[in-house]
Amino acid sequence: MSNCSIVAVIGIGRIGCVTAACLARAGHTVRGIDINEARLAAIRSRCLPFHEPALHGVLEEVLDSGHLTVTSDLHEGIASAEFVMLCIGTESLDGTAVVAPVLQIVDQLVQAHRDGIFNGTIVVRSTLPPGTCRERIQPQLAGTRLRLVFQPEFLREGSSVHDFVDPSLVVFGSEDPAEGARVAALYEPNDTISQYVSLDEAELIKYACNAFHALKIAFANEMGTLSKRLHARGSEVMRVLALDTRLNASAAYLRPGFSFGGYCLPKDVRLLESCGRHLDLELPLLAGVLPSNDAHLDRSIADAMGLKVRSIGIFGFSFKAGTDDLRASPALSLAEALLREGKEIHLFDPFFMPANLSTTQPLLPVTLRAAHLHTDMKSWLAVVQGIVLTQAPGTLEAQSLVESSLPIVDCFGIMSVPRQDGAQTNPPDAAPLSAPVGTLVIAAAAANSSQPIELSVVVPTYQEAAGINSFLHSLCSSLESARPGSYEVIVVDDDSPDNTWQIALAAATRLPAVRVVRRQGERGLARAVIRGWQVAQGRLLGTINADFQHPPELIVDLWKALTTTDNAAQSRSQPSAAQVAVATRYAPGGGVGDWSPPRHLLSKSATLMARLILSDRLHGVSDPMSGCYLFNRSLITGVELKPAGYKSLVEILARSRGPLNLVEVPYRMELRTTGKSKVNFRCSFDYLTQLWRLRSAAKLKV
Ligand SMILES: NC(=O)c1ccc[n+]([C@@H]2O[C@H](COP(=O)([O-])OP(=O)(O)OC[C@H]3O[C@@H](n4cnc5c(N)ncnc54)[C@H](O)[C@@H]3O)[C@@H](O)[C@H]2O)c1
């Protein structure tokens, strides 16, 4: 392996021993540290102090090769280590967590750091109660340069070597995802996508996983007990249940939100529970489901009362999103409770159909007749002072809710909730948002930089997990071989649910020129590109999509076209004077892959449209829709940019200063082979709107 590190593992028990041996086998230099001399002696003589299949061979191999050594001397073990992994036991006999030994070791590491012995990253693998890292360990590290990552352990005893090599889940908790990515690099190559979360989240994930396993076993056992008494085979019931990987053994229904209701769930849970009661069976898990649901509703009522406003809007009043079925809707129970508290209630549901009022109205409890029903979101927002979300809003609704600036009780945790780090969260699984139009300005590059950057390439991404790693490697290797002076590649990801930014971050640990910006609370290609340029330092700014439709080496061709006179590019001006280089499909030598006729037509008409609407600015520009171009930063420094939609070049060309000297580099746009196109009808609409906006702006300038 290329990147070998020095790793110290403190606590050579079941977890520490597997971790140390497997990391050593991967090529790292590993030192195991333990206070238990008998255990160390056993390991030195190749004897495992516990039974763990497959570990013995690995241990023998790494002790023989010298990649693993063990010691009881902390200082000897941690000297010049880049990573120290804490794997000591944290359980007391009564099952409660004991954190004191971990805190004591951290104190020792801090002292060693002050004595100049250790200056690396502390990776806590021991299971710790939620909040320990942030509230207790981080304060211990204050004033030092030591870094902290919490990496929960999911190895199963009995198959831990196999689980280490092929983990089911890999989680890194840290305040800086880049630090998590540095630890992740220790485990390369690794096919399981790493999850980068906060310290608190990582600690909780470990407990949530175990609680969920326990819950599943208890549920299967209760169902097995009930089945047996009803002359059914519990194993068959549960086997068939697990076959449904869309609704049952899946992520469905596993997102925190509002209470459940509706015609089926409450009545069927009630029936199973009463079945057990009649059979004299104790089924506490099933019996606890409806009380748990009621308690959740009570919390929402208390949260809504906490809004301290008179007029409350309830978003969603059917029993679940996407239906107009009001039967046993918990949102209506919430409304009733709030009416009883003297609140004015305004109900809005995107799926409510006034035409069905006559059939749905009789189902509204009489007590709800005092509530106001709304069918128009705008007028609903105008009369409410606070909102309770009982359903997750769609993208456009979420946008209207954010823009209303009203206080929101959000059981889903999806409405731009400020996180600890000040970042914002996005509505999950939403289609790409058209970000609100707002001004972005690009400043001049920092003049006092000792290492001026020649070229900054922004790679905007959304759901490009499949190809981003190889794309970044290809792009960097093209740039390396062309050597355009110092360069940087900035990935701007719109918080893709497929972990694109995390994969890019992991790639960045091996590609020093790559930086990753995770944009939260906003979506939209053109804005993402310009956001990237805002943090870029290059004299030349450029962009290329990570979809391989543009070959990564195209950026080098563009750079050459801008910086040399000797090129094959076609130019409207002298190449040496050109300020913009555009990769062009619609010029001689260029073309497109095996596109369908409708796609051809759409692309051609959008191109013509742009040239027609912005004729004075785009006259002679063959491909104003290009997603790959490079230009001189000075062209737009200080200019107010208002990008929207998915095409940024028209924005740059239309708003840039002075006459345009442009060089075109023909290329052939290939069909996508990785990932999926995100272009839809909405994108085309946004594009046209943007053209008209630019047209009006141009007229104003005149
Ligand atoms: N065993 C598992 O399957 C499993 C799975 C996931 C997480 N975990 C967590 O991992 C942690 C370790 O578990 P384990 O099963 O490996 O424990 P273990 O008891 O097998 O090993 C702990 C080791 O730490 C050593 N130790 C204790 N204090 C020390 C100190 N001050 N300095 C150096 N060494 C010290 C002990 O001598 C022992 O060898 C626990 O927090 C546990 O909850 C365990």
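Author: Helices (H or I, at least four residues) and strands (E, at least two) are DSSP runs, numbered from the N terminus. This is a predicted model: local features need pLDDT of at least 70, side-chain atom pairs count only at pLDDT 80 or more, and totals for chains, interfaces and linings use all residues. Residues are numbered from 1 along each chain as its sequence is written.

The setting comes next. The chain has 24 helices and 25 strands. Of its 702 residues, 39% count as buried. Buried means 20 or more other C-beta atoms within 10 Å of a residue's own; exposed means 12 or fewer; partly exposed lies in between; C-beta atoms are placed from the backbone.

Now the loops. Most residues other than glycine have a negative phi, and most peptide bonds are trans. Glu188 and Pro189 are joined by a cis peptide bond, with omega about -10°. Pro189 sits in the loop between α8 (177-184) and β8 (194-197).

Next, phi. Arg46 is not a glycine, yet its phi is positive, about 60°. Look for Arg46 in the loop between α2 (37-44) and α3 (55-65). Arg46 has 11 other C-beta atoms within 10 Å, so it is exposed.

Ser405 also has a positive phi, near 60°, and is a residue other than glycine. Its loop runs between α16 (395-404) and β13 (408-410). Ser405 counts as exposed because it has 7 C-beta neighbours inside 10 Å.
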